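These are my notebook entries on one structure. I record what I looked up, entry by entry.

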Amino acid sequence: MKFFIDTANLSQIKEANDLGILDGVTTNPSLMAKEGIRGTDAINQHYLTICEMVDGPVSAEVLGTTFEGIVEEGKKLALIHKNIVVKVPMIKDGIKAIKWFTDNGIQTNCTLVFSAGQAILAAKAGATYVSPFIGRIDDGSWDGVQLISQIVNIYNTQGFMTEVLAASIRNPLHIVRCAEAGADVCTCPLPSILGLLKHPLTDLGLQQFLIDAKSMQ
Ligand code: G3P
């Protein structure tokens, strides 16, 4: 399973990248706005900076919602860097645009996916990635990881090439369960990635090893 970081914060991207386990980055308009980025030039420059930091796919989301608007924006985003993946919302015009991008060799990430039916449409349009939002599904008392399993099963059965990118990850257990469910990619906030490191027996064990190591010097 590939690890992407789900943020537009450059210091968090650097911290995850320095671990050596980062495969890519996803952003969305909310994450970009949180960093105080305003205006097309600043947005494009920010994506370029991220692409120069991380050697892997970087999802950049379109802001338009019409077929023409999405295609025009996506073409410009794709020109920023070869690793840009155009992120497109799961709407009717979005599916049409994903098909257009597929036919024109531009990689896409179909976002805001909450059902297996939506995931089938994204795959039929040739999306490179499909992003089910598992944390937001859990928020409504459904099981987000169950949806990941269902989509993985459908894609394997049908031979779809679209990669399942588990998004809206909220904790380390989500990452572990997505790995079990067969997700191709997990895009995570930095604290969820770092949470995978934690175990009290590791801390206690290391403490004792350090004491014993000192006694041997
Ligand atoms: O990748 C999608 C993600 O950014 C949404 O996460 O926590 O806002 O549901 P969240």
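**Entry 1: the ligand shell**

I sorted the shell around the ligand by residue class and found 3 nonpolar, 2 polar and 3 charged residues. For this I counted Ala, Val, Leu, Ile, Met, Phe, Trp, Tyr, Cys and Pro as nonpolar, Asp, Glu, Lys and Arg as charged, and the others, Gly among them, as polar. I note that the model is predicted: local features need pLDDT of at least 70, side-chain atom pairs count only at pLDDT 80 or more, and totals for chains, interfaces and linings use all residues. Residues are numbered from 1 along each chain as its sequence is written, and side-chain values use heavy atoms, with hydrogens and water left out.

I then listed the shell by name: Asp 6, Asn 28, Leu 31, Phe 133, Arg 136, Ala 167, Ser 168 and Arg 170.

**Entry 2: polar contacts and cover**

On its own the ligand has 310 Å² of accessible area, and the protein covers 81% of that. I took accessible areas from the Shrake-Rupley method with a 1.4 Å probe; for residues, only the protein chains shown count as cover.

**Entry 3: positive phi**

I looked up two residues that have positive phi without being glycine. Ser 168, which also belongs to the ligand shell, has phi near 60°. Ser 168 lies in the loop between strand S7 (163-166) and helix H9 (172-181). Helices (H or I, at least four residues) and strands (E, at least two) are DSSP runs, numbered from the N terminus.

Is Ser 168 buried or exposed? Ser 168 counts as buried because its relative accessibility is 9%; buried means under 20% relative accessible area, exposed over 50%, and partly exposed in between (1.4 Å probe, protein chains only).

Leu 112 has a phi of about 65° and is found in strand S5 (residues 108-113). At 35% relative accessibility, Leu 112 counts as partly exposed.

**Entry 4: Glu 15**

I placed Glu 15 in helix H1 (residues 10-18). Glu 15 is partly exposed, at 41% relative accessible area. Its C-alpha atom is separated by 32 Å from that of Gly 140, 125 residues apart along the chain.

Technical notes:
Near = heavy atom within 4 Å.
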